[in-house]
4 protein chains.
Amino acid sequence: MKRSVAILGATGIVGQRFFSLLSEHPWFDLRLVMASERSAGKIYAESVKWVLEKPLPKKAYELTIEQIDIDTITREKIDIAFTALPADAAKEIEPELARRGIVVVSNASSMRLEPDIPLLNPEVNADHIDVIEFQRRNRGWNGAIAKVPNCTTAILTLSLKPLHDEYGIKRVVVSTMQALSGAGLTGVPSMFILDNIIPYIEGEEEKVEAESRKILGTLKQGVIELNNSIAVSASCHRVMVLEGHSMAVFVELEKKPRDIEEIINVMETFKDNKIKGLGLPTAPEKPVVVRREVDRPQPRLDRLEGNGMSVVVGRIREDKVMNGIKYFALGHNTIRGAAGTGVLIAELLVKKDLA
Amino acid sequence: MKRSVAILGATGIVGQRFFSLLSEHPWFDLRLVMASERSAGKIYAESVKWVLEKPLPKKAYELTIEQIDIDTITREKIDIAFTALPADAAKEIEPELARRGIVVVSNASSMRLEPDIPLLNPEVNADHIDVIEFQRRNRGWNGAIAKVPNCTTAILTLSLKPLHDEYGIKRVVVSTMQALSGAGLTGVPSMFILDNIIPYIEGEEEKVEAESRKILGTLKQGVIELNNSIAVSASCHRVMVLEGHSMAVFVELEKKPRDIEEIINVMETFKDNKIKGLGLPTAPEKPVVVRREVDRPQPRLDRLEGNGMSVVVGRIREDKVMNGIKYFALGHNTIRGAAGTGVLIAELLVKKDLA
Amino acid sequence: MKRSVAILGATGIVGQRFFSLLSEHPWFDLRLVMASERSAGKIYAESVKWVLEKPLPKKAYELTIEQIDIDTITREKIDIAFTALPADAAKEIEPELARRGIVVVSNASSMRLEPDIPLLNPEVNADHIDVIEFQRRNRGWNGAIAKVPNCTTAILTLSLKPLHDEYGIKRVVVSTMQALSGAGLTGVPSMFILDNIIPYIEGEEEKVEAESRKILGTLKQGVIELNNSIAVSASCHRVMVLEGHSMAVFVELEKKPRDIEEIINVMETFKDNKIKGLGLPTAPEKPVVVRREVDRPQPRLDRLEGNGMSVVVGRIREDKVMNGIKYFALGHNTIRGAAGTGVLIAELLVKKDLA
Amino acid sequence: MKRSVAILGATGIVGQRFFSLLSEHPWFDLRLVMASERSAGKIYAESVKWVLEKPLPKKAYELTIEQIDIDTITREKIDIAFTALPADAAKEIEPELARRGIVVVSNASSMRLEPDIPLLNPEVNADHIDVIEFQRRNRGWNGAIAKVPNCTTAILTLSLKPLHDEYGIKRVVVSTMQALSGAGLTGVPSMFILDNIIPYIEGEEEKVEAESRKILGTLKQGVIELNNSIAVSASCHRVMVLEGHSMAVFVELEKKPRDIEEIINVMETFKDNKIKGLGLPTAPEKPVVVRREVDRPQPRLDRLEGNGMSVVVGRIREDKVMNGIKYFALGHNTIRGAAGTGVLIAELLVKKDLA
């Protein structure tokens, strides 16, 4: 039986991705779309400034936007709420929904670092989901909150995990080239970015550095312990690309790889993929795809690999300065880095009878 | 008395910058502009596809392009030849010109690493110019060859030098976002770069890694010795920016800076600037300019700082992972990274009675 | 039974579109891909610089590129040759293929205005196909040549035809904003177009003005007679858009429309669509789609309407100055304006037993 | 003696241009900069998001922004107020300032069509300034209001005027490609315009059509009479260009030009330039510059012609369909189309002892 789901913050760029992924999902029935007062009362198709590469789903002509209001999201109507809210609003709304028995899959940055809230990049740390039992107990919730990581972190950690398993990672230096969509539909005025780079994204570097340690951490005694053996230094920059976050990654390894072919094999095989074989509809066949051309991946050409759920890696080469390797990685920031991973988390929760 | 100068490869993007800088230079008289057969015989203004932000200089309507031919560049007519040739052509032509008594200031990548050829970023290593005495003796030349560094290397090493003097640099990890002009006028088709990044620039990373060691090296016993105490790892990427190479720089330091203010002061003061007080017309007042805003420098807004000869640095912050600092640097790739530094080198040669 | 087909000029942007459309076509079996000497001998996937929004078809890994050579394209192997050749090469090769019995569907501009060569925009003038009988007789060919119109002309005339049928068109003034892909994969260097417009496309305005009259003309006594009652004035400009030609169209009409709704109905109904009901696989359900939003169509959002085969029209409004109407039209220049229409023509030829 | 001037709305894109032009003006002393509450109390340099191609003027570090408040702009302190306000705010503030004796040079669209308010494109209609005498009498003002035309209209009418004088213009069809800056600093989100065109600018077409008739009209008996012998039809579109509005112009003429050379001469000579010889500092040497290359003007290369005050015209050719000519025109929308023309108007007012 399909779960009834809602989207809170349905008209922004992440909301649009949620809408696109959920409107024809085999396990979910999109019943409720909520947005700010300005959009409320209008048909979704008429209110949204749709910018995706796919045409508007049919459901967009059927669903009317409701104003965000906790009391409308009753347990009778809704099993899972996907949220793409600003952190401030999320901090108020999400715990209250969880208290009322709703399972919240949240893209907001609030609460991501709390030790009983799972921060899930499923292939990497689906096992962290077990913290929900403690979360419910601690907080007296019938529902739950599971968090989608920051977009850059989701892409980065997916590429790092197989390397960490095989070689042990000590230090990571990462320099990003992030897409416009990461700032939201209207976040970057064109006058500021045409023929330009903006070398600053508020809070981003701190998120990447802290969240990576949590995602690569371990569930112990009811809390997620950070992995403090890995240190990440990030420098984050906005470039003139619609979708797809790119990053140059420099990694210090504990163990020396035999050769580049071995590394490619380790990444593409992804032995410890935590959701392998679960049959989750949104899981990509290959979480990490390695390209061998000298000039790939490229965001415009590769961001939709694996329906936007794969991270694409290229230019893997030895890095003697770092005592390890360097490579270039790309992921779709509003799919793998936001709504796609949100839907994948919800699928995992259903599979594990947690939603 | 003004020196008579020529430009070889005058119609490309670096050639245009040379033309712009030399057509009204106080010390140089631009007498000869040379290009490929296709342009030869035409007035410069009519043949060039001018793309600079300044209008065409008047001289562009006066000078006729001649075909590149060594025999036309006689010592009687020309004192200094500025070259913006492909490496292959340069390898043939430049030594022959030097043999015939011409001083060649070359932007070509050929011969940059030969130990008796100075690779000059004047504020950093103007003293390397003394190798010319040995070069002449070794090679039996009356003229000389001095090389302009790779564009990224010129910008990077200028930002590193004051740090190295004060704190000692052990390791540098650099990730670049390079402008279109670095690939030449027609090097990057628009279909390949719009809404995209190209994560590869042939030979660039190797140049940055090797040339940095030479520029920061020392002249000893007639050769430039590489500075092997510094290790540089580069990852180079092309982005949709007209001019201005940006880079995220992560530096491991030997000595810990007191605080960010001290670092800013060290960079802006640039105590060991090797051309301080020489009165070279193209030398910027401040070789390194530090911005304190969180989101600067930006290529479109800052690339013309110091007439394009300053490197602009921002976002200096501690980097515990690297055991040092990280910052963002920007320089004008066809001025500081090519023609501007070429002209500055020529001014230095004149000042030192070497041209 | 499937027809065996070849693509000549398979690696350029139009060649890529042909490859994409033909590699899984229900009626055609792509057997031969030809390109210049530089690509010959390589697997298609390894030689092509693929830039389409869809991933490379599987066939790209199976077919080896052959060098363009008339003798390889025998009647035994190939029924239809799709050409995306430069006009000069096409002028030599295409008639010779037709002489040898091959049916050539050509995107090249050569011969487009010859009176016994059909210039086909199928919904508009599929009946012109009957001129092939005279073409064969005149020229002694067993094969035939059918031409795809210039990209802008194909889009423009499709939007004009229903208006012409209903109201009679006297004058058309059209100002275009054309995509980069119209100049080929490497035709527009990024340095020339970033933050810019190029207000000139060689030969384009003449093509639009002349070809429109032929497409809207009539087959009489074995030749296509131009429609000289319609006068078109074009001004053509290149803008920074990947794909999709946009145009502002001002039309003087003989008969006054009742209101805008009537015009929308006339365009969307397209009563005299010459291929209605033929069941051609590439024919769009609605050749003209009208959008009612004030700010549509937009190239990035609407160019793939009808799989790129529909022309999308918006902002239809009265124009008292022209004594008629004005509107904004958009079409996919390498699908509707090139390869897509080429495949549609081939389907029509098969349906009419001409190929 | 210098006039004391203020800028209302000083931090937006037009405000920045006013600041740049006025901070070192020979006749004006910039004393007061006003903006919204958010900026008030801050040094101009610290509040503005400066995007111009020139560095911030020194005055930007000296002047503190004050909140917009009519009572602060006393006649004792301020002679002329330059306004770059939204139309709503302007409608309230500007008449009140004029009543209090301030001369207002306004870029706002409010009141532009009122018959006793001059709408000035000085080379075209400086003589309309005499309506101020009637304006003062009608409205009981000691000050005055003079309006800057809509940006597109200013550029268009400057190119049309010499043609109208020589040949008589009956109809004009114009299709524009307008820069991002026309929508203000943050008006066009980058997600909406990258790889795209927006074919709609609210109110723009109506402004062009109506204001052109007023600018080309005549002052008679105390009011500006519209020139109803000229009919203009416009289609306006936003493209991905920072600054510089481009337009394809199709003109029906009463009298046939002898040849293209004659037209070039008519445009460049501009016989009836109404401010010729007045010595206004901001007046360009040549109001209309004609380029003879097939592919010029181009916005990035030509927008700063005449310090941004010249309109650049190219591709003049016969248009048989329109019974006249067609050409491509370019002007700097925030200089010629806004602040530059504003400053030129103020200079004219000073020269005529009206301010």
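In this predicted model, the C-alpha centres of domain 1 of chain A and domain 2 of chain A are 24 Å apart. Domain 1 covers 3-150 + 339-351 and domain 2 covers 151-333, with bounds from an automatic or database domain assignment. Contact (heavy atoms within 4.5 Å) links 40 residues of domain 1 of chain A with 41 residues of domain 2 of chain A.

About 3100 Å² is buried between the two domains, 66% of it on carbon and sulfur atoms; this is the accessible area (1.4 Å probe) lost on putting both parts together, summed over both. On the side of domain 1 of chain A, the greatest losses to domain 2 fall on A:Glu123, A:Val124 and A:Asn150, together 26% of what that side buries.

Two salt bridges (a side-chain nitrogen of Lys or Arg within 4 Å of a carboxyl oxygen of Asp or Glu) are counted between the domains. A salt bridge joins the side chains of A:Arg17 and A:Glu243, at 2.8 Å from N to O.

Residues are numbered from 1 along each chain as its sequence is written, and chains are lettered from A in the order in which they are written. Local features need pLDDT of at least 70, side-chain atom pairs count only at pLDDT 80 or more, totals for chains, interfaces and linings use all residues, and side-chain values use heavy atoms, with hydrogens and water left out.
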